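This report goes through a few places in one protein chain. Please keep the sequence and the structure in view while reading.

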Amino acid sequence: MSEESAPGPKESPSAAPLAGSREAWKKGGRLLSVLLAVNVLLLACTLISGGAFNKVAVYDTDVFALLTTMMLLASLWILFYLLRTVRCPDAVPYRDAHAGPIWLRGGLVLFGICTLVMDVFKTGYYSSFFECQSAIKILHPLTQAVFVIIQTYFLWVSSKDCIHVHLDLTRCGLMFTLTTNLAIWMAAVVDESVHQTHSYDSSHSNASHLRLTPDRESGSSVGGDCSCNTAICQIFQQGYFYLYPFNIEYSLFASTMLYVMWKNVGRLLASSTHGHGHGHTPSRVSLFRETLFAGPILGLMLLVVGLAVFIIYEVQVSGEGGRTQQALVIYYSFNIICLGLMTLVSLSGSVIYRFDRRAMDHHKNPTRTLDVALLVGAALGQYAISYYSLVAVVVGTPRDLLGGLNLAHALLMIAQHTFQNVFIIESLHRGPPGAEPHDTTPKESCHGLTFANLDALHTLPACPPTPRLVGINPVGPQEAMAIILAPRGHWRRRCLKDISLFLLLCNVILWIMPAFGARPHFSNTVEVDFYGYSLWAAIVNICLPFGIFYRMHAVSSLLEVYVLS
């Protein structure tokens, strides 16, 4: 029997010490799994970071061997978990309605498919010169493809589980799998950063202190015997680098879902509610339902314009120096307009909430707690880059147009992250539509009517002027009347949906630009001249991945805000 199995609805006094000891062991089991994860993660971090430097005797084959071993062990544990839950129907007595929403699982599947394509490209790239390569370099992408398939299926079917068997083993397995995803994320970030550094060094003819992994692998480094001279080999090489952003996001999405599963191990939920109304998802979701269309249209316009600006930037920044200056002006101008609009829209959403009478939802929700922590924590990366840019622009000597645009961009980046976080966090803590403070029933303006099923209110707007009785759904002794259908939603709900869609589309384009190679931090030499290339490259390569993750996580949170508005 599990040490955290449910005691009964009414515990006897003698059961209190037993419950306390179970709670204490629950904390002990979590501590054990966290210690395991920390040690494995530090080992992986040491090898991955050490393998990026020339003067450290750690090679990419060592990193690949470690990651391959971790993925094989995690895959074996996932298969054990799936087999155990299938053979023991009582292993998962509860399912958390908040965990694993459909848009998060859908994003995981999308990024997983792109990761599989990347693995195909990497396998083709390493197979192009198999004679002079270690077999582990081909085994690693093949193992990753198997791991992605198994883990994606596991998270699709089990992300809501509150398992009550093998608690300590399950906690350790989930934490080890989470650590494996973080190690894959770190390896991808380091490899992509080294690739960007190599591109910068090639264009500026500077020697880098970093080991240039692509050159070393292809044999163009001194003493190498391998070569990637064929067209198909170069296509494979460029292809898997362009697909790295999807692999990075897949690892982070999987890590967040695994963390929620880890928090839900042994968790007790009321069988009738499985959580509170905040996690309720409507049975049918229409993308532009009950919107004013202004937000989606403006967001789509900025998305299309942003793609054009990104293409122009990538073409011109690799050309002559004069065109680089023009590309930076266009890039910064678009970002300033986009960030300014997002800041104003986020402020408008917060103002609308000042007139919203919905009660705040303070119920325990591990998914929402993690969402808030990730939003605040990931924003710190962009905060750091912006503040370093502010100091370089204000203290530095150049006083030109590009410096002014860089200054405005840094200030607006800070403001946009701050106000968007305020809007999203407040939205996630709002109760469902119709939930009034200190009131569990609809407003009294609905004369002579009592709602039967409060869960049905989650998809309904405010009380309509001419309600229509459509059916009876008795679900309890105190819930016994009717469900009301409203012809149209309240104006506040429409505005909030427009705001969430607009911010969602803007975050998508602001994710695409840095994720696929836009690096104005290096093309604009203000920070490079002020801090020196080595220090500035370290700041950007450490902080920018968190900024990129922030954009994609904000998209996921804004989609939830849209659905629940």
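## A nonpolar surface patch

Ile102, Tyr153, Trp156 and Val157 make up a nonpolar patch on the surface, and their accessible area together is about 380 Å². Patches of this kind join nonpolar side chains (Val, Leu, Ile, Met, Phe, Trp, Tyr) within 5 Å, using residues with over 30% relative accessible area and no salt bridge. Helix 4 (residues 136-158) supplies the largest share of the patch, three residues.

Trp156 lies in helix 4. Its relative accessible area is 37%, so Trp156 is partly exposed; this class falls between buried (under 20%) and exposed (over 50%), with a 1.4 Å probe and protein chains only.

## About the model

The model is predicted: local features need pLDDT of at least 70, side-chain atom pairs count only at pLDDT 80 or more, and totals for chains, interfaces and linings use all residues. Residues are numbered from 1 along each chain as its sequence is written, and side-chain values use heavy atoms, leaving out hydrogens and water.

The average pLDDT (the predictor's confidence in each residue, from 0 to 100) of the chain is 75, and 70% of the residues score at least 70. Over residues 1-20 the pLDDT is below 50, and this stretch has 22 contacts (heavy atoms within 4.5 Å) beyond near neighbours in sequence.

## A buried glutamine

Gln420 belongs to helix 12 (residues 401-428). Because its relative accessible area is 0%, Gln420 is buried. Residues touched by Gln420, not counting those up to four places away in sequence, include Met342, Ser346, Tyr550 and Leu558.

Technical notes:
Helices (H or I, at least four residues) and strands (E, at least two) are DSSP runs, numbered from the N terminus. Patches are made of residues with over 30% relative accessible area and no salt bridge: like charges are joined within 9 Å, nonpolar side chains (Val, Leu, Ile, Met, Phe, Trp, Tyr) within 5 Å. Accessible areas come from the Shrake-Rupley method with a 1.4 Å probe; for residues, only the protein chains shown count as cover. A salt bridge is a side-chain nitrogen of Lys or Arg within 4 Å of a carboxyl oxygen of Asp or Glu.
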